[in-house]
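Reader: I should like to learn how to read the features of a model such as this one. Would you kindly guide me through it?

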Amino acid sequence: MSSSPATAVGLVLMLALTVGLGVYARRFGRSTSDLLVAARTVRPRLNAAAISGEYLSAASFLGIAGLVMQFGYDVLWYPVGYAAGYLVLLIFIAGPLRRFGAYTIPDFAEGRFDSPAFRRVAVCLVILIGLFYMLPQMKAAGITVSAATGAPYPIGVVAIAAVVVALVAGGGMGGITVVQAFQFAVKIFAISLPVFVLCVEFGSPSHLFAQLGSRVDPQLPAAVQFTVHPGDEWTLARPTSVLPQTPLRVRLLPPRSSAGGTYPALGGPTGSGAGQGRTLILRPPQQTLPAGSVVFSDAGRVGLRAGAPVPFGASTPASSNRAWALPFGPLAGGGGHPLLFTYSLLVGILCGTMGLPHILVRFYTNPDARSARRTAWLVLVLLGLFYLWPPLYGVLGRLQDPALYTQKLTDSVVLLLPRLLFPGWLGALMTAVVSAGAFAAFTSTLSGLLVSLAGALGHDLYGRWWRPESSPRARRRAFRLAAIVAGAGAAGLGLTVQSFDISVLVGWAFAIAASSFFPLLVLGIWWRGLTALGAALGATLGGLAATAGIVTTMLQPASPALTSFLDRNSGLAVIFSQPAIVTIPLSFALMVSVSLALPHPPGQVSLKMLQLHVPERLGLRHDYIPE
Amino acid sequence: MEVGPSPSDNEVSASAQIDHLTELAEQTRVGEVYLAALMRRQLRLSLGVAVSLLAVLGVQPLLDRWVAYRQAALFSIPVPWLVLGLLTYPLLVVAGYFYLGRSESIDDEFGDLMR
């Protein structure tokens with residue numbers, strides 16, 4: 001990938017602005033970075049912008065567009081779920097949790113059940129979910145830096161991890177409200193302006209869809225030279241003449257089972273069924289490749305003419321424009337159980353939002369439950385405004401730059417489209433804008449997560465269990481060390497996820513959070529009968545069950561036995577890959593049944609409920625017996 | 001269990017106010033009833049909004065199975081895209097706004113009753 005100075009300028013400018021604003025804000029006393037002594041005076045509007053700034057991660061900024069480009073309509077469930085998650089948070093927990101004064105889930109677990117042991121369980125779950133959520137941010141960092149500088153993916157991951165760790169460990173931008181609010185402004189500007197300019201150039205959305213509808217499958221708008229490596233896989237919709245520069249051996253693959261919206265024609269009478277397993281030699285200057293999938297055995301370069309059907313790389317299932325645009329296309333329909341998939345994805349995201357480690361913290365800066373609720377509602381408004389835009393990049397990408405399918409670069413579509421479509425200064429400017437937005441997206445989320453993780457590791461693991469007698473200074477040092485350890489761990493794991501889609505990885509973090517913390521928060525706030533044992537068992541087993549399903553799905557490509565088992569049990573495969581629809585009820589059922597079987601003595605529960613639900617103005621919050 | 005003094009003529013309002021709050025604060029059985037009533041009203045509201053949220057979102061995959069809907073287009077944009085990608089967000093915002101108003105007035109009414 002060629003480098004672009006404009007992108008690098010965008011990144012550096014963004015970094016400088018962020019750090020500068022952080023320093024400025026700190027000097028003028030608006031710092032709410034140290035959340036343990038939070039000022040709690042942030043107004044809902046500013047706070048909502050800050051929460052949105054921290055929440056809009058690389059998955060929102062890059063991932064949705066890339067996934068829409070790959071899979072079409074079904075992907076729209078992701079942004080809708082990300083936004084609607086705040087409605088769920090608003091109606092069930094925003095007010096009570098603010099009254100309770102708990103601003104992390106471990107705080108709530110300990111405070112609600114008076115159980116330090118439960119706190120430890122919650123801390124472990126926070127670390128698990130936090131790591132899962134950092135993976136896609138790391139991938140985004142890697143591809144953004146590599147689009148900006150041409151550096152290889154691992155260097156981007158390590159460099160950004162180092163920058164964020166330095167910012168967080170240096171007491172940096174993680175928790176400062178105005179900085180996060182500014183990041184939101186950057187992101188909504190950086191996502192909406194370029195796509196607006198692109199639509200001025202290439203036509204309104206209605207024009208784009210009309211163009212898509214007029215072609216059977218995505219076609220290359222201009223001639224392209226592809227670099228191929230041994231092992232690269234191409235899937236073509238119809239026989240296509242290609243222009244290899246050197247003789248290249250390719251192996252024809254047997255047709256895949258084409259469930260859902262993929263090509264029904266593939267492997268049919270006109271497909272590659274006849275010669276599967278056969279090796280073909282592509283000789284210059286021109287050769288016809290049959291429809292179906294092939295694997296290259298040699299490295300080299302292959303040209304395709306303008307108007308040729310695009311070869312789909314291994315990461316994107318081939319789909320016609322029609323299947324792509326209609327519901328239950330390759331994403332939801334691919335597993336053969338489109339409704340199950342869609343509903344499970346949806347509940348996972350809806351219920352997972354509140355369980356992410358860095359989300360609840362910021363509600364603590366509201367003065368009371370009323371402003372916490374207003375903040376949550378304003379976040380919903382801001383997210384709704386943001387999520388209108390990313391899908392348009394996906395549509396534009398399918399139409400104007402389908403070569404990204406072949407190159408397996410769909411996750412970079414937001415970053416690459418402007419430069420490709422506007423040569424010259426406009427392209428450079430727009431590229432700088434989207435790069436700055438992407439940088440804001442992954443750094444804000446990464447630093448928020450890192451603060452939460454380092455807090456869990458440094459304050460809880462070190463300050464409470466390992467060295468309860470340690471001085472505040474030693475704890476601050478432990479926090480910094482924990483930030484470095486967590487950052488290094490996330491970077492190490494981030495190196496392994498290059499081939500996964502950003503939004504899919506994020507969806508998994510949501511599913512684990514939804515299966516552990518969502519039932520804990522909802523039942524803990526609204527049901528007196530929940531006991532510490534029930535809550536801990538339900539949260540742990542629910543979270544582990546979801547993790548097990550997801551890890552199985554991640555390991556599947558490496559294990560032929562697992563693959564064939566999941567092929568035979570397609571319903572199970574869907575549930576493993578989107579476990580929320582089973583694991584959320586499992587977690588609820590465990591919590592309720594264990595709590596009913598081994599009830600607590602009533603004890604302090606009423607006091608907790610009083611704290612959670614009685615309006616602040618009655619003055620019962622601090623001294624429960626006003627005499 | 002009779003905790004509060006029975007209301008007697010002149011000082012009814014003043015003493016009743018104090019008593020409500022005290023009963024709540026001391027978690028007497030009467031106070032528990034107040035609290036339970038507040039929680040029940042708030043939870044019923046939340047569940048109502050949750051059900052309407054699930055209706056707005058949950059009905060769309062079912063609609064998607066309906067051929068006339070999945071193939072409809074407005075200005076050549078498929079209708080399912082418009083509904084899910086554009087129309088759903090304002091609906092979420094409206095549902096949230098409705099919840100805000102109602103939950104604040106439940107809290108206010110409770111506060112007025114206790115005070």
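Author: Let us begin with a definition: a helix axis is a line fitted to C-alpha atoms over the stretch in contact, and the angle between two axes runs from 0 to 180 degrees between N-to-C directions. Please bear in mind throughout that this is a predicted model.

Reader: How is a pair of packed helices described in general, and at what angle do the axes of helix 4 of chain A and helix 4 of chain B cross?

Author: Two packed helices are described by the angle between their axes and the distance between the axes. Here the axes of helix 4 (residues 77-100) of chain A and helix 4 of chain B cross at roughly 10° and come within 10 Å. Angles under 35 degrees count as roughly parallel. Helix 4 of chain A and helix 4 of chain B are therefore roughly parallel to each other.

Reader: Which residues make that contact?

Author: From helix 4 of chain A, the contributors include Val80(A), Ala83(A), Ala84(A) and Leu87(A). From helix 4 of chain B, they include Leu84(B), Thr88(B), Leu92(B) and Tyr99(B). An α-helix has 3.6 residues a turn, so residues three or four places apart point the same way. By class, the residues of this contact of helix 4 of chain A with helix 4 of chain B are 11 nonpolar, 4 polar and no charged.

Reader: How many residues of chain B are in contact with chain A over the interface as a whole?

Author: In chain B, 44 residues are in contact with 47 residues of chain A. At least two residues each come from helix 1 (12-25), helix 2 (29-64), strand 2 (77-78) and helix 4 (79-114) of chain B. Helix 4 of chain B gives the most to this side, with 20 residues. The side of chain B that touches chain A comprises 28 nonpolar, 9 polar and 7 charged residues. For the complex, the predictor gives an ipTM of 0.84 and a pTM of 0.86.

Reader: In what order do the elements of chain B run?

Author: Chain B has 4 helices and 2 strands, and from the N terminus on they run α-α-α-β-β-α. Of the 115 residues in chain B, 27% are buried.

Reader: Where in chain B does pLDDT stay under 50?

Author: Where pLDDT is low, the predicted coordinates should not be read in detail. In chain B, pLDDT stays under 50 over residues 1-13. Chain B averages a pLDDT of 81, and 84% of the residues score at least 70. Among the elements of chain B, helix 4 has the highest mean pLDDT (91) and helix 1 the lowest (62).

Reader: Into which domains is chain A divided?

Author: Chain A is divided into domain 1 (5-202 + 328-617) and domain 2 (224-319). In their contact, 17 residues of domain 1 meet 15 residues of domain 2 of chain A. Helix 15 (403-407) of chain A and helix 11 (330-333) each supply at least two residues of the domain 1 side. Helix 15 of chain A gives the most to that side, with 4 residues. The domain 1 side has 6 nonpolar, 10 polar and 1 charged residues.

Reader: Is Gly53(A) buried or exposed?

Author: The cut-off for a buried residue is 20 or more other C-beta atoms within 10 Å of its own. Gly53(A) lies in helix 2 (residues 44-55) of chain A, and Gly53(A) is buried because 27 other C-beta atoms lie within 10 Å. Beyond its neighbours within four places in sequence, Gly53(A) is in contact with residues including Gln180(A), Phe184(A) and Ser444(A). Lys187(A) is another of these contacts; the C-alpha atoms of Gly53(A) and Lys187(A) are separated by 7.7 Å, although the two are 134 residues apart along the chain.

Reader: What covers the buried residues of helix 22 of chain A?

Author: In helix 22 (residues 570-577) of chain A, the buried residues are Ala573(A), Val574(A), Ile575(A), Phe576(A) and Ser577(A). Their cover includes helix 12 (338-352), helix 20 (532-555), helix 21 (560-568) and helix 23 (580-597) of chain A.

Reader: Finally, which backbone features deserve a remark?

Author: Most residues other than glycine have a negative phi, and most peptide bonds are trans. The peptide bond from Pro284(A) to Pro285(A) is cis, with omega near 0°. Pro285(A) lies in the loop between strand 5 (279-282) and strand 6 (287-289) of chain A. Lys408(A), which is not a glycine, has a positive phi of about 55°; Lys408(A) is placed in the loop between helix 15 and helix 16 (413-421) of chain A. Ser76(B), also not a glycine, has a positive phi of about 60°, and Ser76(B) is found in the loop between strand 1 (73-74) and strand 2 of chain B.

Note on methods: Residues numbered from 1 in each chain as written. Chains lettered and ligands numbered in written order. Predicted model: local features only at pLDDT ≥ 70, side-chain atom pairs only at ≥ 80, totals over all residues. Contact = placed C-beta atoms within 7 Å. Nonpolar A, V, L, I, M, F, W, Y, C, P; charged D, E, K, R; others polar. Buried ≥ 20, exposed ≤ 12 C-beta atoms within 10 Å, placed from the backbone. pLDDT = per-residue confidence, 0-100. Parallel < 35°, antiparallel > 145°, perpendicular 65-115°, else oblique. Domains from an automatic or database assignment.
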